[in-house]
Each structure stands twice: as C-alpha cells, then as structure tokens.
Amino acid sequence: MEYNKPHIITFDKIGSSHLGYITIAETQKNIPFEIKRVYWTYYTPHDVTRGGHAHRALQQFIFAVSGTITFNTEDKDGRKEVFTLDHPSKGLYIPKLVWRDIQFSHNAVLLCLASEVYDEADYFRDYEEFKKTTAK
Ligand code: TYD
C-alpha cells in the first residue's frame, strides 16, 4: 500500500450480524505511524463544511464510526478527489500536505487517529499559502 497519497482502506471486522462487530486499528499492524493523539467530532450540522486546512507533517487515519462523512481532498500535486466514509470499517488515510473540506450526515461521528500531538503551527489554514508552498 502506498502511503504518500490519500486512500480508503477497509479494515477487517470480527463478529456477525447476530453478535455485532469489532474493528481494530493498531500501530505498525494496519496504521503506518505511532498514534500520538485521538480526537472525535460529533453533532456537526449537515449544512456545515469543516476542515478547510492542510497539515505540514501530520498523518491521519479517519473513520466515520457513525453516519456518513464526505471528504473533498487536494494533494500536494493538485490532484482533487472525493472520498466517502459510509461504514465504520472504512478508514481514510491522509498523508501530510493534503487540503481537505469535510461534510457530515446529521448523525456522523468522526474519529481521527493522528501521528502527532496538536500543534497549530502544523496547519495551513490559508489555501493560497498551501498552494504556494506545494507549487513546484
Ligand atoms: P480543526 O482542526 O480546525 O477542526 P476541523 O477541521 O474539524 O474544523 O480544530 C477545531 C478547533 O479545535 C481549533 O480551534 C483547534 C482545536 N483543536 C485542538 O485544540 N486540539 C486538537 O487536537 C484539534 C484537532 C483541534
């Protein structure tokens, strides 16, 4: 698996429709970085777009543990893609230098596994600055 561009991985699930399921994310096994931080977002109104940033170094694995979450991404080479997380077993890997806008269904809970602790200096919050920095 290439870990230099955004992509969705479907994680294994253990269980059955009778008993329910468990999905496991584990450093070095199916997460390609040491997990230093976990955060989750919830109750985001359907008509709100979040994100609107990129990261200089941060890598993330993001799950919709409930609901549906749509990502519009643009990588450092200007490649634009749309990713939909619509099942709890799907994880979106986001490497560094990917701009993202995110939309949520009303019941969505976003769970993020992050490779670094929070650092505001790691953010590009200005799109033009992101484009300038990634321009070849
Ligand atoms: P942000 O990353 O901009 O969230 P989103 O992309 O979902 O809109 O973060 C929202 C706010 O939360 C911002 O003020 C920074 C703060 N924050 C922390 O303090 N620590 C964290 O680990 C994260 C992810 C955000």
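Mentor: What follows is a set of questions on labels and the values behind them.

Trainee: What kind of model is this?
Mentor: This is a predicted model.

Trainee: Why is Glu74 called buried?
Mentor: Glu74 has a relative accessible area of 5%. Buried means under 20%. The value of 5% falls under that cut-off, so Glu74 counts as buried.

Trainee: Where is Glu74 found?
Mentor: Glu74 is found in strand β7. In β8, the bridge partner of Glu74 is Lys80.

Trainee: Which residues is Glu74 in contact with, leaving aside neighbours within four places in sequence?
Mentor: They are Arg79, Lys80, Leu97, Val98, Trp99, Tyr127, Phe130 and Lys131.

Trainee: What makes the link between Glu74 and Lys131 a polar contact?
Mentor: The two side chains make that contact at 2.5 Å. The cut-off for the N or O atoms is within 3.5 Å. The value of 2.5 Å meets it.

Trainee: How do you know that β7 and β8 pair?
Mentor: Pairing needs at least two bridges. β7 and β8 have six bridges, in the antiparallel sense. That count meets the requirement, so they pair.

Trainee: What lies in the hairpin between them?
Mentor: The hairpin of β7 and β8 has five residues between the strands. Gly78 takes a positive phi there, near 85 degrees.

Trainee: How many bridges join β7 and β10?
Mentor: Six bridges join β7 (residues 69-74) and β10 (residues 99-104), again in the antiparallel sense. One example is Thr70, whose bridge partner in β10 is Gln103.

Trainee: What is the strand order of the open sheet?
Mentor: The five strands run β8-β7-β10-β5-β12, with antiparallel pairing.

Trainee: Why are β8 and β12 called edge strands?
Mentor: β8 (80-85) and β12 (123-124) each pair on one side only.

Trainee: Which residues touch the most other members of the largest nonpolar core?
Mentor: They are Ile62, Ile69, Phe71 and Leu110, in a core of 16 residues. The elements that give two or more residues to this core are β6 (60-66), β7, β8, β9 (90-94), β10 and β11 (109-114). β11 gives the most, with three residues. Apart from this core lies another, of eight residues, among them Ile31, Phe33, Phe61 and Leu113.

Trainee: What does Phe71 touch, not counting residues up to four places away in sequence?
Mentor: Phe71 touches Ile62, Glu81, Val82, Phe83, Leu85, Leu92, Ile94, Asp101, Ile102 and Leu110.

Trainee: Why is Ser66 called partly exposed?
Mentor: Ser66 has a relative accessible area of 28%. Buried would need under 20%, and exposed would need over 50%. The value of 28% lies in between, so Ser66 is partly exposed.

Trainee: Where does Ser66 sit, and which residues is it in contact with?
Mentor: Ser66 has its place in strand β6. Leaving aside neighbours within four places in sequence, Ser66 is in contact with Asn107, Ala108 and Val109. Ser66 and Val82 are 16 residues apart in sequence, and their C-alpha atoms are 19 Å apart in space.

Trainee: Which residues are around the ligand?
Mentor: They are Arg37, Tyr39, Arg50, Gly51, His53, Tyr118, Tyr123 and Arg125. The elements that give two or more residues to this shell are β4 (37-42) and β5 (49-55). β5 gives the most, with three residues.

Trainee: What makes His53 buried?
Mentor: His53 has 11% relative accessibility. The cut-off is under 20%, so His53 counts as buried. His53 has its place in strand β5.

Trainee: Which side chain makes a polar contact with that of His53?
Mentor: The side chain of His55 does, at 3.4 Å. That is within the 3.5 Å cut-off. A polar side-chain atom of His53 also lies 3.3 Å from the backbone oxygen of Gly51.

Definitions and conventions:
Residues are numbered from 1 along each chain as its sequence is written. This is a predicted model: local features need pLDDT of at least 70, side-chain atom pairs count only at pLDDT 80 or more; totals for chains, interfaces and linings use all residues. Side-chain values use heavy atoms; hydrogens and water are left out. Helices (H or I, at least four residues) and strands (E, at least two) are DSSP runs, numbered from the N terminus. A nonpolar core is a set of buried Ala, Val, Leu, Ile, Met, Phe, Trp, Tyr and Cys residues joined through side-chain atoms within 4.5 Å. Buried means under 20% relative accessible area, exposed over 50%, partly exposed in between (1.4 Å probe, protein chains only). Contact means heavy atoms within 4.5 Å. A residue is near a molecule or strand if one of its heavy atoms lies within 4 Å of it. A polar contact is a pair of N or O atoms within 3.5 Å; within protein, one must be able to donate a hydrogen and the other to accept it, and residues adjacent in sequence count only if both atoms are side-chain atoms.
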